[in-house]
Amino acid sequence: MAEIIIPRGAFELHLRDLPPVSGANTLKVDERLESAMATVMSRGDNAALAARIHDAFGIVLPSGPQRVSNGVEAFIGVGPGVWLAVFEKAGPQRASKLAASLAGLASVADQTSAYAVLRITGEAAREVLSRGAFIDFDPSVFGPGSAAVTTISHIGVSIWRIDDAPTFEVALFRSYADSFWHWLTTTCTALGVGLVRHGGSARI
Amino acid sequence: MRIPCPYCGERDGAEFTYCGDASPVRPAADAGEAAFVDYVYMRSNPAGEISEHWYHGQGCRNWLIVKRNTRTHVISAAMLAKGSAP
Amino acid sequence: MNRLESGGLIDRGKPLNFVFDGKKLAGYEGDTLASALVANGVRLVGRSFKYHRPRGILTAGSEEPNALVTLRTGARSEPNTRATSVQLFEGLVAESQNRWPTLGFDLMSLNNLLSPMFTAGFYYKTFMWPASFWEKVYEPLIRRAAGLGKASTQPDPDIYDKAHAFCDVLVVGSGPAGLSAALAASQAKARVILVEDDWLLGGRLLCEDQDIDGAPAVDWVRRIEGILTAMPNVSMLRRATVFGAYDGGTFGAVERIADHLAEPKPGVPRQRLWKICAKRTILATGAIERPLPFGGNDLPGIMMAAAVRAYATRFAALPGNEIVIYTTTDSGWAAARDLTGCGANITAIIDARASAPKGAARFAASAGIRVFENAVVVDASGGRRLRSLKLRSADGKIFELTADVLAISGGWNPVMGIGCNLGSRPVWSDAIHAFVLANPPAGMTLAGSAAGRFSLAEALDDGHRAGAAAAADLGFSPPPTKIPPCSEDATGSMPLWHVEGAKQKVFVDFQHDVTDADIGLAAQEGFRSVEHLKRYTTLGMATDQGRLGQVNGQALLARHLGKTLAETGTILSRPPFLPVAIGAFAGHHREMNFRPERRTASHDWAAENGAVFVDSGPWKRAQWFAIPSDQDWLDSVTREATAVRASVGVCDVSTLGKIDIHGPDAGIFLDRLYINMFSTLAVGKARYGVMLREDGFVLDDGTTTRLADDHYFMTTTTANAVKIMQHVDYCRQVLWPELNVQAVSVTEQWAQFAVAGPNSRLLLQKVFPDLDLSNDAFPYMSAIAVTWMGVPARIFRLSFSGELAFEVAVPARYGDALVRILMREGRDLGVVAYGTEALGVLRIEKGHPAGNELSGQTTATDLGFGRMMSQKKDYVGRVLAVRPALTDPMRPSLVGLRPAARSERLRGGAHILPLSSENRADNDLGYVTSVAFSPMMGSWIGLGLVSGGQGRIGERLRAYDPVRNGDVEIEICSPVFVDPEGVRVRG
């Protein structure tokens, strides 16, 4: 069969309808489709695992709910001895390569398709997210590199903050994308915030 | 209510599932039926501090032992169930 | 018009038109509906609950028991809205309630004449029997006579929103104490949230002629408001009510975003529900004035003194031209001074205390006001409005005064409702004659009037100290601040609970028409507890929750019992402090967004192909795919099931729970979870497994595959996916933490499709041409991981239908692509898409138990899995599964059912009874769990749990269904209807 199959974004149809231009009081959103994700679960020796990851990626594996990134790869703490690895511009086999490189130290489960990841950038991002999540997003508490696993509108989400823009990423199980989109759009409307598509690629 | 998850920090109670008294310990495989009946069905109902299991299913997915006062609802401690004695 | 020409916080440049009971009236911006009614001289605003007595506006705040109106019309109409809390807007329409046919002439006021019948416990005593009369006669009658407003029956057109907030210090109320507290805490750099019920900050300062820092108090309010607004660490919620305190420093609040508009702007919510998490809380919620007891104390024109003062000073509206003040407090005199300052005509002041406060005589003399000291009002009279009152001096002399307004002031009750939500009990203070919250919950402080410190100077000081202390407690450093000087404000008072010799009814709870006689009767009948008093007399159970009358009633009970209020105590209040619309709690979760839904990767494809979706837990699953030639759903389902048995079908099975189990001890771990062995399973093989609960009943079932030595892939039923993930976490974290096992849900990672039917191999071979899927290379219960067009894929040879079948999984992003390719490649094989109904038909034909049989009441043996229970290992449920009651051979167990007359239909849920028996529970042998029309058998077939199941095969029984009038003779048979030898599946 001489055909190629293309991945389908969970928010694809919603994002297609958004205007691409940003104006006053807007929030830029984009679905992260070029990254690979995996759950990395320590097999017990966290120190050895951290050393292996540091050797491979130059990343200091966080021991709490934080995100540590080297610009391409990032590890996000989601539980004791459990991390979400996010690799930018990585192919569908990335998770199995990671599994091989961490063999014996960690169990790795490919989650590239499991999560739909929305990148949200803009002044209003904090207020919009706090409408849904009972998490303190005050910059003094939830600065860049902070991460939390929680719920928004009864939907399980992992949220991490990337930068000072501020940019957040929200990862949720892809089957919930339509319900999450409903929450996001009604919340933005209530706040008078417009949603626009991300123009260029944001800093990682 | 707020539960201080040892990993995630203090979180709203809605993220957790209440899973009952944490003190019963599963008997040894050969302990016999009576021991298992006790383990499955018999619970004390203290007026005061109790150790309970709460599952942080909408967070770090850990089973916690939460020390709660049944009279005041005050939560004095929470720890990961893994590696803790109830 | 009763509007003053100057003064007040209304904007005379912005007139607003509104309609009350069909009459066109006008007010100004800055008015409440109540103040506009006062300004228009409207006296009568409602009828009471039980006696339908005429009632006027009593208060100027949210404690109002009388002036309840139905606000707006049509879908937005809202009953029981307090006119005193409604900010006036252009075009407002309000109707009075509880009157028929009109407010002025109300037929039900006949109840007033029948009042000897309507005493305490009236409902309990009168409508006792016969019981059958309750639903049909008594209840509708009572509801019509005693109802307050009527709710709209149309859907709520408004939207509601939810929000969360965190702060160091939450300040509830923005009167002098609240502002002072917010200022002190925020200047210490604490994060502060200030919540105010009103649309203006200031509380009592808006309604009293006071000075702070040498200038009118309102100027001080504006200055502090400006400072707080400029601070980045302060958030202010106006038009918001903190309605409840919950465990761990969380609070519920409702913000009325658009209630002051005719309707919300498009997309903007009407109200927003806030969950606030605060480290410290300061309740600066003020105090509510107590009414005084005398006959006819509910007549329109009798108002709380603080309310008359508020209408005059804040709203520049005078409720009458001939005002008499009746007080037991110094604040009654302060009201008189402010009223005189506004130009009101006060004819007399009656002070029940032995002597009026210092300086009172001089003030009264200069204002030409007659003063009665040591005198009580006995009765007030008038028809639908106050005309005169009778008072009695200490020496027994009776005086009669004419008046159109009687302003009453009987002391102050601190507002501490949400302070009691967590169980802190108010205690009586003899010093201030009021209940106070001496032991508020941890982290909460009361300040100002809410703490029983009623003077302005105390409020400013108290607030400041509470704000600074809360901040300091959290490690902030409050800067030294000067508390501003303010006007003097005497707070003396004397409680007065009872008057002798009243000819008319003395009301304690205005809205519920509870009188002093009702309290007396309750005491006489043996009610001793304030909680019982409340329920028996309905004292404090109206929409105002007893904020006016509760303490007065409790004092009367104490008096009857010969006890003190300190001994009888008061009740605790529960949330909500004020009624909160259900819509605010629901937020955007209504109609199709009632709960989040989950859609599979093939959802859009399914919708394009006629899928009718069914809720399966939170998932939307295709139930069947309708094509134009199908007459009805049964046609579709039969067509799909037939095609699977004849050729090939495709079904999305992605919703099954999928759990990756990793680690060196994964095999041992699964042995302990399942009744059968998994550690012995070869890599590349799948096995069906059953899990029990520790009590021995079946928890779940599914197929688990070994993908590597240290990696298993577990599947669960759709319904139990979340529960099993929790169970797996329990077993590895709590039961056996020593096992080196990791587990994570991968349900969402894989889109998985069943490809079933005799032609399934042909179809798969077209999509995966490089694979050898022959029986030898890939036998039943095999699994393989492959790369398909560059992406990881897995193929399993599993069958739920009993046919030759496979399941194919790809990452969910490619699920849409895969299903389209499968359907395209299968076109010449006649491939069908099949939904959950056909899936059900196929599994019932094969006798596979599913959700209906895994009911939590069945054992592995009941379902025919007894032989799978391993004797070689321990597992969850092993010990209790062999208890005598769980191994009783007469337990209901799984069998197949067919109607004796093949044309008859079976119904799920029907009870199974012997052929000739009475329809009684003790003849019950079991019930029908699942039914389907079987295309293979050409009739309805079913599965059931029948006592002594397998032993009854061949027996004739009946399926009795009283709900749907069914009584069908059935034949018990093997649950496996199709291919009992299992040839097809291995084909």
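**Reading the A–C interface and chain B**

Student: What share of the contacts in chain B with a separation of 6 or more comes from residues 24 or more positions apart?

Tutor: In this predicted model, such pairs account for 41% of those contacts.

Student: Which elements make up chain B, and in what order?

Tutor: Chain B has one helix and six strands, running β-β-β-α-β-β-β from the N terminus.

Student: What makes a residue of chain B count as buried, and what share of the chain does?

Tutor: The cut-off is under 20% relative accessible area, and 42% of the 86 residues in chain B are buried.

Student: On to chains A and C. Why is the pair Arg131(A) and Asp161(C) called a salt bridge?

Tutor: The N to O distance between their side chains is 3.7 Å. The limit for an Arg nitrogen and an Asp carboxyl oxygen is within 4 Å, so the pair qualifies. The count between chain A and chain C is seven salt bridges.

Student: Which elements of chain A give two or more residues to the side that touches chain C?

Tutor: Those are strand 2 (36-42), strand 6 (106-110), helix 4 (125-132) and helix 5 (177-191) of chain A. Helix 5 of chain A gives the largest share, seven residues.

Student: What area do chain A and chain C bury between them?

Tutor: About 4,400 Å², with 53% of it on carbon and sulfur atoms. In terms of contacts, 47 residues of chain A meet 56 residues of chain C.

Definitions and conventions
Residues are numbered from 1 along each chain as its sequence is written. Chains are lettered from A and ligands numbered from 1 in the order in which they are written. This is a predicted model: local features need pLDDT of at least 70, side-chain atom pairs count only at pLDDT 80 or more; totals for chains, interfaces and linings use all residues. Side-chain values use heavy atoms; hydrogens and water are left out. Contact means heavy atoms within 4.5 Å. Buried area is the accessible area (1.4 Å probe) that two parts lose on being put together, summed over both. Helices (H or I, at least four residues) and strands (E, at least two) are DSSP runs, numbered from the N terminus. Buried means under 20% relative accessible area, exposed over 50%, partly exposed in between (1.4 Å probe, protein chains only).
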